[in-house]
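Reader: Can you walk me through some helix packing and a few loop residues in this one?

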Amino acid sequence: MARVSRKSVTRTSKDIPSLDGMPRSSKSHTQYAFLTALYVRLSMEEQEGDLTEKIRNQRELLLEYVREKPEFQLVDIYCDNGCTGTNFDRPQWQRLMEDVKAGKVNCIIVKDLSRLGRNYIEAGNYLEKVFPFIGVRFIAISDGYDSENLKQEDTGLFLPLKNIINASYAKDLSQKVSSARHVQRGRGEFTGSIVPFGYKKDQQRKGRFVVNEDEAAVVRQIFRMFGEGGSYSEIARELNRLRIPSPQGKLWRYQSIRRIIANEVYLGRMIQGKRCSREPDVVTVENTHDAIITEDLFEKAQSQREKISFHKENGERQKAAGEEIYPFQGMLKAANSGLTLCKTCYRKQAGQVLVKAYRSPKALDKEGNPYKLVMIREEVLLSIVKKVLFQYISVLEDTRMVLSQEAIQESCQSKIRRMERDLQTLYKEVTRKKELLSDSYQDLADGILEALDYKRIQKQYKEDVVRLEQRIREREKGLMDYRQLVKLENPYIAVLMEFGKSQEITRELLSLLVSEIVVISSREIQIVFSFEDEFRSLCTVREDFLS
């Protein structure tokens with residue numbers, strides 16, 4: 001955008017327009033430092049009562065302000081009636097900006113900052129970057145803001161702008177939000193804050209979903225595994241083994257799987273109002289978005305869900321039929337055949353003691369010979385797993401002591417600061433590339449660049465931005481992982497430490513920490529833990545500091 005000079009311009013009285021009763025100067029020549037535009041806006045929410053009077057009051061306030069200050073030459077009045085302040089896609093505002101670009105206006109006056117806009121990010125961008133760059137003076141009368149006479153304490157514009165926006169919204173929002181939400185739900189528009197896993201917000205249609213293909217593939221896998229007989233915990237364990245992040249970005253738990261299985265949103269229907277105490281009516285709208293799974297797959301999953309429904313009794317999860325849960329069920333493999341061990345039980349001591357165990361199914365090898373029976377008691381499994389987990393916890397405690405040393409803490413923080421500086425450099429480089437991209441467009445508009453040169457430069461800058469943003473994502477993940485590691489805040493570590501306090505082996509704990517257990521004999525097993533990669537990384541960091 002071309003700069004507009006703030007130098008005084010000389011005009012004769014016949015060139016000065018007469019607007020809304022503004023008197024012409026009686027002198028033959030008058031000095032005007034600012035070509036002034038008055039901007040008036042009335043939002044859709046404010047269109048109640050006498051609209052003409054509200055517009056007139058704004059205009060009169062602005063005109064009175066200009067009348068008292070001869071340095072302003074009134075060019076025109078721009079009025080957007082019934083236009084929201086949450087964006088700048090307003091007809092008269094666009095006309096005003098075109099006049100600014102053409103050099104017809106270099107001063108804009110409004111009643112208050114909210115007339116400029118209620119989106120404080122975009123409004124702040126105009127106030128802090130756009131207007132100073134193109135040489136436009138901006139005045140908000142009621143807020144006492146004048147970009148020409150800013151004090152040092154006024155330079156932080158975002159806070160006062162936020163306060164104005166919040167104060168303005170607070171009056172109307174509480175009364176309107178409930179009824180507006182009900183209307184939106186009736187239209188099938190999403191009114192919540194967290195989009196269901198498998199979808200993302202539609203950028204073209206407000207309140208609608210589009211399929212997130214990466215997450216949708218996980219949803220289909222969950223329904224397929226569940227329909228084939230997999231339990232919530234087994235599915236969670238498999239997803240954790242595959243390093244697939246949960247909706248919260250942490251480990252999958254059986255609760256997350258259960259919520260997904262029960263959610264009808266994956267059939268393409270929107271159901272809202274279930275959890276809202278103030279609005280108890282449930283609103284269901286069909287075909288609001290693309291379905292991720294079929295009706296048949298959903299019904300199959302619901303049938304399976306009913307079969308394995310759980311209820312809480314005496315603090316333990318049990319099957320509805322009262323059958324006791326075997327914590328290792330589904331995660332044991334026989335070393336000789338690779339088959340999954342089945343739960344079993346037998347009695348000893350003349351039938352007085354019930355022993356829970358796991359045994360391999362009958363099967364033949366390639367030569368037709370039966371595999372040797374592999375069986376192990378649950379108490380043996382519990383003892384071995386508990387012993388190994390305590391060994392891991394012991395290493396964690398030693399590592400905690402190492403990392404708590406002041407010198408090592410400083411070394412960790414020093415590395416974190418280096419990583420943060422690298423990220424800041426990348427952030428600045430992306431911002432610079434985007435600014436160059438924007439400037440190249442203005443150079444094209446100003447005739448400085450030819451169309452072919454602009455396309456070439458634009459292509460190069462866009463490729464640079466994509467490459468830099470990919471590096472940023474990688475560095476951000478690396479920084480987050482390192483912070484969690486040195487603070488022992490990794491999700492697996494948190495679960496391990498919880499076990500160290502309770503010392504109780506539960507099915508949920510096993511589903512989170514154990515990927516697979518290979519049973520070699522009645523006393524020998526091989527455990528594959530889900531957190532082995534993270535633990536190796538932690539041990540590497542520990543050894544680096546100790547070496």
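Predicted model: local features only at pLDDT ≥ 70, side-chain atom pairs only at ≥ 80, totals over all residues.

Reader: At what angle do helix 10 and helix 13 pack?

Author: About 110 degrees, with the axes of helix 10 (residues 378-403) and helix 13 (residues 491-502) 10 Å apart. Helix 10 is thus roughly perpendicular to helix 13 (that label covers 65 to 115 degrees). Axes here are lines fitted to C-alpha atoms, for helices over the stretch in contact, and angles run from 0 to 180 degrees between N-to-C directions. Helices are DSSP runs of H or I with at least four residues, strands are E runs of at least two, and both are numbered from the N terminus.

Reader: Which residues of helix 10 and helix 13 meet?

Author: On helix 10, Lys386, Leu389, Phe390, Tyr392, Ile393, Leu396, Glu397 and Arg400; on helix 13, Ile493, Leu496, Met497, Phe499 and Gly500. Contact means heavy atoms within 4.5 Å. By class, the contact of helix 10 with helix 13 has nine nonpolar, one polar and three charged residues. Ala, Val, Leu, Ile, Met, Phe, Trp, Tyr, Cys and Pro count as nonpolar, Asp, Glu, Lys and Arg as charged, and the others, Gly among them, as polar.

Reader: And how do helix 6 and helix 8 cross?

Author: At roughly 90 degrees, the axes of helix 6 (residues 213-227) and helix 8 (residues 254-262) coming within 10 Å. Val219, Ile222, Phe223 and Phe226 of helix 6 touch Ile257, Ile260 and Ile261 of helix 8. That contact has seven nonpolar, no polar and no charged residues.

Reader: New topic. Is His289 buried or exposed?

Author: His289 is buried, at 7% relative accessibility (buried is under 20%, exposed over 50%, partly exposed in between, with a 1.4 Å probe and protein chains only). His289 sits in the loop between strand 11 (283-285) and helix 9 (295-307).

Reader: What does the side chain of His289 reach?

Author: The backbone oxygen of Val265, at 2.8 Å.

Note on methods
Residues numbered from 1 in each chain as written. Heavy atoms only, no water. Parallel < 35°, antiparallel > 145°, perpendicular 65-115°, else oblique. Polar contact = N/O pair within 3.5 Å; in protein donor to acceptor, adjacent residues only side chain to side chain.
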